[in-house]
Amino acid sequence: MTASVTRETESADGRSASRRRGNVLSQAILQATLAELAEVGYAAMTMESVALRAQASKASLYRRWPNRTELVVDAMECVRPYELAPPDTGNVRDDLLILLRRMISVHNSPAGEATHGLLAEVLRHPELLAAVRERFITPAIGLVLEVLRAGAARGEVRRSALTERIASVGPALLRDHFLIHGAPVPDSVPLDIVDDIVLPIISPTRPGRRTRAEP
């Protein structure tokens, strides 16, 4: 009887999985990935555990994602609630605040716990760090740099501030706050970062970088 019940259950699971195809099945897997990340973290998460939670076959995961790193970054990207386009309000301060608030919306979303756990583990997993840098960190810095370039064209930003290092300051400080304090991230955080740190750094009245004397 037990074997019969097992076969019936497996058959039912198979029929259920077969009805979920394409985007419906992919979304179920991505949501299961986020749930696994939030519950056990990246280190303990496996393709098998995601398949079990999603009630999908392991083969259906591997057909879409070759490994758990690719699966995780796709899961994180699917919950990003904003477009990768720079704002253009005509004011560099407002544009920077919009960008940082977009980032906060991810941290404060239902996927925030999974995001927190993922960021906390990237340094221990080089392949994950490389994927997160490529898919999230570098594009965020690029958006800030586009905003700074537009500000420089309007005379709000000095030309010597148009560097990736300076563009990374706001997103890095925001990530640091999120990692230490968690969610929700209050709106005072981007306001402090922009007004007290970024704007003074990029100000056209601030002296440019001094040339270091040769040793």
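These notes cover confidence in the predicted model and the packing of helix α6 against helix α11.

1. Confidence overall. The protein has a mean pLDDT of 85, and 85% of its residues reach 70 or more. Two stretches need a caveat. Residues 1-18 have pLDDT below 50, and this stretch makes one contact in the model beyond near neighbours in sequence. Over residues 211-215 pLDDT also stays under 50, with zero contacts beyond four places in sequence. Where pLDDT is low, the predicted coordinates should not be read in detail.

2. Geometry of the helix pair. Helix α6 spans residues 92-107 and helix α11 spans residues 188-202. Their axes come within 10 Å and cross at roughly 135°. The crossing is right-handed.

3. Residues in the contact. From α6, the contact uses V92, R93, L96, L97, L100, R101 and I104. The α11 side supplies P190, L191, I193, V194, D195, V198, L199 and I202. By class, the residues of this contact are twelve nonpolar, three charged and no polar.

4. L100 as an example. L100 lies in helix α6. Is L100 buried or exposed? Its relative accessible area is 4%, and the cut-off for buried is under 20%, so L100 counts as buried.

5. Neighbours of L100. Leaving out residues up to four places away in sequence, L100 touches G170, P171, L174, P190, I193 and V194. The C-alpha atoms of L100 and I193 are separated by 9.1 Å, although these residues are 93 residues apart along the chain.

Technical notes
Residues are numbered from 1 along each chain as its sequence is written. This is a predicted model: local features need pLDDT of at least 70, side-chain atom pairs count only at pLDDT 80 or more; totals for chains, interfaces and linings use all residues. Side-chain values use heavy atoms; hydrogens and water are left out. pLDDT is the predictor's confidence in each residue, from 0 to 100. Contact means heavy atoms within 4.5 Å. Axes are lines fitted to C-alpha atoms, for helices over the stretch in contact, and angles run from 0 to 180 degrees between N-to-C directions. Helices (H or I, at least four residues) and strands (E, at least two) are DSSP runs, numbered from the N terminus. A crossing is left-handed if the near helix is turned anticlockwise from the far one by less than a right angle, and right-handed if clockwise. Ala, Val, Leu, Ile, Met, Phe, Trp, Tyr, Cys and Pro count as nonpolar, Asp, Glu, Lys and Arg as charged, and the others, Gly among them, as polar. Buried means under 20% relative accessible area, exposed over 50%, partly exposed in between (1.4 Å probe, protein chains only).
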